[in-house]
Amino acid sequence: MIKLTFRTDFCKGCGLCVDVCPKKILRIAPDTINKKGHHPAEITEMDKCIGCASCATMCPDCIIKIEKE
Amino acid sequence: MSEKVLMKGNEAIAEAAIIAGCRHYFGYPITPQTEIAAYMAKRMPKIGGTFLQAESEIAAINMVYGASAAGMRVMTSSSSPGISLKSEGISYIAGSDLPAVIVNAQRGGPGLGGIQPSQSDYFQATRGGGHGDYHMIVLTPASVQEMAELTIKAFDLADKYRMPVMILADGTIGQMMEPVSFDFKLNDAPEKPWATTGTKMQREHNVVNSLFLKPADLEVENMKRFERYEIVKENEPMYEEYMTEDADIVLAAFGIAARVCKNAIKKARREGIKVGLIRPITVWPFPTKPFEKIAETCKAIISVELSMGQLIEDVRLASGGKVPVTLCNRVGGMIPEPEEILEEIHKIANGGK
Amino acid sequence: MVIFDKPKALLDVPLHYCPGCTHGIIHRLVAEVIDELEIEGKTVGIAPVGCAVMAYDYFSCDMIEAAHGRAPAVATGVKRANPENIVFTYQGDGDLASIGTAEIVHAAARNENITVIFVNNAIYGMTGGQMAPTSLVGQVTQTSPYGRDPKLCGYPVKICEMLSPLEGPEYLERVAVNSVVNVRRAKKAIKKAFENQLNNKGFSLVEVISSCPTNWGMTPQNALKWIDDNMIPYYPLGVYKDRSENAEV
């Protein structure tokens, strides 16, 4: 079971993680705005995550933490 | 080494720096200071120190910046055109509150100028030289012995006040040979908890930096630095008074010019003209007090300098307009003969005729 | 079990870089390497002038801010003072390949035992998008509004190619951070550049092709593609010099 957590307030909504996700389960949250005024990244279907860390590898702001339970 | 040894002024600086604990020297060749680099190149490898000939004066001063940030007693030396190149780095050193010792064996300018002695970098040295509000402590040796003494003092002052110190010498004192004693009482360099030597995972990271993008922060940094400068101005002015007790005419001169003045004074005294000398040893902070005092009793001051009139501005400020201050100068690498100074003394003694 | 997290050598503060700017990835790779080699306590970083000017606020090791282009000279001073420190510079293309060419060439020529991270994004970012020494022919910037014209301002400078004929440097490699695969390769190169210093091998420089979506005027995604289409053909990735045994150059 993979768990992804986002340091949402550090996200600038660049979407590089969204693009690179092989399972297409990340998106830029259309209805949320963080402290910096960006729409942050979020995961839509956690159970489909394979923990490949592609998103975290491409994240320029180090906001993604990946854990395996 | 308590007995005296015969040495060139530039070599005396280099040996004194080593005695003061300087183990890192970065430089670039330029006449007339190259003996310092040559001496360091010979000595440093023998005592576990670093001599490095940099690719430019700009690189050399930035190596000084790095080694100083790393907590070391460090020095560079150059001559006028090279000091202009180093001025960027000196501003960063001052703006980052780092100690460093910089030697300027002045030569004639502007531009490439010449290679003969000069004092025309006085403004550059005493007003900072680079960009921004800052000062260096500026020491002006007038003998080979003082080259050594003031070098030792330069390292102590740099560490004490965390600021750059310049030894403002000239080609003559750098090249002349005189007996010099290296029997000094030494002070240990203070602890430097701010140095970037690695956190060893035992403290927050140290940052050596002169960038403050918030105007209020930058203002505070500048104000704090100038509070420190006030302490320097209070504690550190150095000068020599020579035959000023009864003097009607007072010469103001530093470095090599002051030595010529002493000869002129002896000649004048033999003629019955009461002449004295105030020789600033620090030109920043400028020793204002002796000039304030002498302006109450003397009739005139003559600023004797190897420039088109730079020292004279500080002399005028310090004497507060109470007595006339005139200029007696040679430039371009020329040094006045005692007779030329005597001629100026005669002119003043005869009421300016 | 944690598979991925922010490296400890990066402080827990937001980076000031524009959305999608890959400076952040390169910062993270450097920090990951510092963590993995367990050298944070003895590392001293030198920040440049340019977009990464505030890198001293991001790395948890001791940091020094250098004047524009002078980081290799400052690093030399630090390393000569305390050879047990691990010293790295982090410099952009204006800093390293324009105003700082003398310093980088001579640090390389001396085989100074330091690690240089050279971020090439073909533009001056901090000052708002002017032509860099590495801007491509035809590239439109604020100061090459009709595209970089080689007749007027010459050709882009290839730093790895330029330094590789020198006897001095130990290791020169060009990498990119525009894809997962390239980021992983970049990490390997950066790690090697630090290991070389730990093993007293000498000067190591990793040129990292990076993006500037803001000043290139494109989305972060298109900027990564632009690296593939335009930057890498002119700046081929790979090892340009490696003196270590079994090295493939």
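**Chains, folds and selected residues**

Tutor: Two pairs of chains touch, and the pair with the most contacts is chains B and C, a contact being heavy atoms within 4.5 Å. The model is predicted, so local features need pLDDT of at least 70 and side-chain atom pairs count only at pLDDT 80 or more, whereas totals for chains, interfaces and linings use all residues. Residues are numbered from 1 along each chain as its sequence is written, chains are lettered from A and ligands numbered from 1 in the order in which they are written, and side-chain values use heavy atoms, with hydrogens and water left out.

Student: How far apart are the nearest C-alpha atoms of chain A and chain B?

Tutor: They are 19 Å apart, and chain A and chain B do not touch.

Student: Which secondary structure elements does chain A have, and in what pattern?

Tutor: Helices (H or I, at least four residues) and strands (E, at least two) are DSSP runs, numbered from the N terminus. Chain A has two helices and four strands, and along the sequence they follow the pattern β-α-β-β-α-β. The radius of gyration of chain A is 11 Å, close to the 11 Å that the globule rule gives for 69 residues, so chain A is as compact as a globular protein of that length. That radius is taken over C-alpha atoms, and the rule is 2.2 Å times the number of residues to the power 0.38. Along its principal axes, the C-alpha trace of chain A spans about 30 × 20 × 20 Å.

Student: How is burial read, and what share of chain A is buried?

Tutor: A residue is buried under 20% relative accessible area, exposed over 50% and partly exposed in between (1.4 Å probe, protein chains only). In chain A, 51% of the 69 residues are buried. As for sequence separation, 60% of the contacts in chain A between residues at least 6 apart in sequence join residues at least 24 apart.

Student: What are the corresponding values for chain B?

Tutor: Chain B has twelve helices and 15 strands. A compact globule of 353 residues would have a radius of gyration near 20 Å, and the 21 Å of chain B agrees with this. Its C-alpha trace spans about 75 × 50 × 40 Å along the principal axes. Buried residues make up 59% of chain B, and 78% of its contacts with a separation of 6 or more are between residues 24 or more positions apart.

Student: Where in chain B is Glu236(B), and is it buried or exposed?

Tutor: Glu236(B) lies in the loop between α8 (215-235) and β10 (239-242) of chain B. It counts as buried because its relative accessibility is 9%. Its side chain is joined to that of Tyr161(B) by a polar contact of 2.6 Å. A polar contact is a pair of N or O atoms within 3.5 Å; within protein, one must be able to donate a hydrogen and the other to accept it, and residues adjacent in sequence count only if both atoms are side-chain atoms. Beyond four places in sequence, the residues that Glu236(B) touches include Lys153(B), Lys160(B) and Thr282(B).

Student: With which side chain does that of Ser307(B) make a polar contact?

Tutor: The partner is the side chain of Glu305(B), at 2.7 Å. Ser307(B) sits in the loop between β14 (300-305) and α11 of chain B and is buried, with a relative accessible area of 0%. Leaving out residues up to four places away, it touches Gln119(B), Ser120(B), Asn329(B), Arg330(B) and Val331(B).

Student: Where is Ala318(B), and what does it contact?

Tutor: Ala318(B) belongs to helix α11 (residues 311-319) of chain B and is buried at 6% relative accessibility.

Student: Why is helix α2 of chain C described as largely enclosed?

Tutor: Ten of the eleven residues of this helix (residues 71-81) are buried, so the rest of the structure largely encloses it. Among the buried residues are Pro72(C), Val74(C) and Lys79(C).

Student: Which residues does Leu224(C) touch?

Tutor: Not counting residues up to four places away, Leu224(C) touches Leu16(A), Met58(A), Thr22(C), Val177(C), Asn178(C) and Ser211(C). Leu224(C) is in helix α9 (residues 220-234) of chain C and is buried, with a relative accessible area of 9%.
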